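Me: I have a structure to read and would like to learn how to go about it. Please take me through its sheets and its core.

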Amino acid sequence: MSDKRQRARVQGSWAKPGAKPASSVAGRQPTPGSWNAGPRTYEFHQPADPVRVIPVEKAIEEAGDYEISKGPTGVSRLRLLPGFLPLEEADWMFATLLAELPWSQKTNYGTMGEAYDEPRLTCWYGELPYTYSHSTMQANPQWHPVLITLRQAIEQETSHTFNSLLCNLYRDGKDSIAWHSDDEASLGPHPSIASLSLGDTRVFSLRKKPPLEEKGDYTYAEKLRIPLSHGTLLIMEGCTQEDWQHQVAKEYHDRGPRINLTFRTIYPEPHPSRMDNNGELRQ
């Protein structure tokens, strides 16, 4: 055989397609549970624990009386009065109090005795001292004339009488007050507190205290936010201090100074129906 014919014969054998093996899939039955096993049915089981939804924070901005909760302890109420002071009067009082009150930074103590400075300035007026966060503000009966005028106007508006006043100065957005309740024994049961705001607007937040079985977890607590503008009066009444906490949080944008005047009634001895201060850290 010539070399040319030999090469052609070899090339032809390469070019010839081989026989296809028999498919191993033909006739195979789908395996139960495989992707091509056909439609399956699913049975829904109700979860053992109900699905809980985190409540949406609610805003209060309009003037009015608000019943924010009602329970075994009683009713918690808020009264909001924007524009309680006319603008020009509020401007003059703010400038006067900012310049003339004896502002200072209070040192508090934690449950382990550690000292820390409050992130705001304060001063106190009243015939009796006031203790919170393991630190006492001494009695100061020399009320500033502007504060006397304000107390009289607020007492007439609220039908409450007040013998003491805690003044707070938030110098900018970094000054704050952490979550707490004004529930010291010296305030008596169901204290009413009137809070007057002067200066820049800050958000006043509230959250409802969780039931005992939540073990201090506020994840599902009701929450409120109230922007307190210049000249606004807010009154907390009923069981608000017993059933709710409040705060003024830090803000990380420009805020001017704000004065907050909280009128209250202090008793000379702890009221028998009140428990001792729970010792929560107020910063």
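The dialogue below covers strands, a helix and nonpolar cores.

Reply: This is a predicted model, where local features need pLDDT of at least 70, side-chain atom pairs count only at pLDDT 80 or more, and totals for chains, interfaces and linings use all residues. Residues are numbered from 1 along each chain as its sequence is written, and side-chain values use heavy atoms, with hydrogens and water left out.

Me: In what order do the seven strands of the open sheet lie?

Reply: Strands are DSSP runs of E, at least two residues, and helices are runs of H or I, at least four, numbered from the N terminus. Two strands pair if DSSP finds at least two bridges between them. Here the order is β2-β3-β14-β11-β16-β9-β6, with antiparallel pairing. β2 (64–71) and β6 each have a single partner strand, so one side of each lacks a neighbour in the sheet. Within the sheet, four bridges link β11 and β14, and alanine 194 faces isoleucine 235 of β14.

Me: Which residues touch the most other members of the largest nonpolar core?

Reply: Nonpolar side chains tend to be buried together in soluble globular proteins. A nonpolar core is a set of buried Ala, Val, Leu, Ile, Met, Phe, Trp, Tyr and Cys residues joined through side-chain atoms within 4.5 Å; buried means under 20% relative accessible area (1.4 Å probe, protein chains only). This core has 28 residues, and Leu97, Leu147, Leu150, Cys167, Leu198, Leu261 and Phe263 touch the most other members. Elements giving two or more residues include α2 (87–100) and α3 (145–158). A separate core of 16 residues includes Trp244 and Val248.

Key: Buried means under 20% relative accessible area, exposed over 50%, partly exposed in between (1.4 Å probe, protein chains only).
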